[in-house]
Amino acid sequence: CGLEIDWYESDVYRAVEVVPEASFDFVYTGVGALCWLPRADLWVAVVSGLLRPGGRLFIRDGHPMLWAINEEKAGDLVVEYPYFELEEPMICDEASTYVETEGKLKAATTHQWNHGLGQIFSALLSTGLSITGFKEHDSAPWEALAGRMHHSPDGEWRLTEGP
């Protein structure tokens, strides 16, 4: 586009120290971002500090209930992991990822946190942000529960109905 771009590098929780306050009209968080953050309330405070008055935050993430399900168990869906944010992370060791690749991960250990919908909404409201819309998706852009989902014509993956 031929536009000048300013680049910033920062720990997400320190972004308000690096980027000028109230710099953005719009902040977007994509699917699978919140699980890498230990504290939803600290992240929301950063987003609130970065948004201009009247600015908007758009979140599309996996449902917290999805992150609570053990996708490796055969048969019925099993809730095995925390729904609510805990201080300690869930530690996962997986040699592969949801991204299709032939290689194996060299750094396979991850630390993840779940944040319940109430925790996310409470954090947003506590900073003075207004919630102007909420849509709960019945889909994911990847096959989150292998063998239990079908690929819909719209490109999303949804649970297959029935046993």
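Analyst: Contact means that heavy atoms lie within 4.5 Å of each other. The structure is a predicted model, in which local features need pLDDT of at least 70 and side-chain atom pairs count only at pLDDT 80 or more, while totals for chains, interfaces and linings use all residues. Residues are numbered from 1 along each chain as its sequence is written, and side-chain values use heavy atoms, with hydrogens and water left out.

User: Which residues does Ala 40 touch, not counting residues up to four places away in sequence?

Analyst: Ala 40 lies in helix H2, which covers residues 40-50. Helices (H or I, at least four residues) and strands (E, at least two) are DSSP runs, numbered from the N terminus. Apart from residues up to four places away in sequence, Ala 40 touches Glu 85, His 115 and Ala 123.

User: Is Ala 40 buried or exposed?

Analyst: Buried means under 20% relative accessible area, exposed means over 50%, and partly exposed lies in between (1.4 Å probe, protein chains only). The relative accessibility of Ala 40 is 8%, so this residue counts as buried.

User: Which residues of H2 are buried, and what does their cover include?

Analyst: The buried residues of H2 are Ala 40, Trp 43, Val 44, Val 46, Val 47, Gly 49 and Leu 50. An α-helix has 3.6 residues a turn, so residues three or four places apart point the same way. The cover of the buried residues of H2 includes H1, S1, strand S2 (51-59) and H4.

User: In what order do helices and strands follow one another along the sequence?

Analyst: The protein contains 4 helices and 6 strands. Read along the sequence, they give the pattern α-β-α-β-α-β-β-α-β-β.

User: Where does the side chain of Asn 114 reach a backbone oxygen at 2.8 Å?

Analyst: Asn 114 is in the loop between S4 and H4, and it counts as buried because its relative accessibility is 3%. A polar contact is a pair of N or O atoms within 3.5 Å; within protein, one must be able to donate a hydrogen and the other to accept it, and residues adjacent in sequence count only if both atoms are side-chain atoms. The side chain of Asn 114 reaches the backbone oxygen of Tyr 83 at 3.4 Å. At 2.8 Å, the side chain of Asn 114 reaches the backbone oxygen of Pro 64.

User: Which side chain forms a polar contact of 3.0 Å with that of Gln 112?

Analyst: Gln 112 belongs to strand S4, residues 109-112. Leaving aside neighbours within four places in sequence, Gln 112 is in contact with Cys 35, Trp 36, Pro 89, Met 90 and Cys 92. The polar contact of 3.0 Å joins the side chain of Gln 112 to that of Thr 110.

User: Which residues are linked with Arg 158 in a network of salt bridges?

Analyst: A salt bridge is a side-chain nitrogen of Lys or Arg within 4 Å of a carboxyl oxygen of Asp or Glu. Arg 158 meets Asp 138 at 3.0 Å, N to O; this pair links distant parts of the chain, with Asp 138 in the loop between helix H4 (117-126) and strand S5 (149-151) and Arg 158 in strand S6 (residues 157-159), 20 residues apart. Arg 158 also forms a salt bridge in which the closest N and O atoms are 3.2 Å apart. The residues linked with Arg 158 in the network are Asp 138 and Asp 154.

User: How many salt bridges does the structure hold?

Analyst: One of them joins the side chains of Arg 39 and Asp 41 at 2.8 Å, N to O. Arg 39 counts as partly exposed because its relative accessibility is 36%, and Asp 41 is partly exposed at 35%. The number of salt bridges in the structure is 7.
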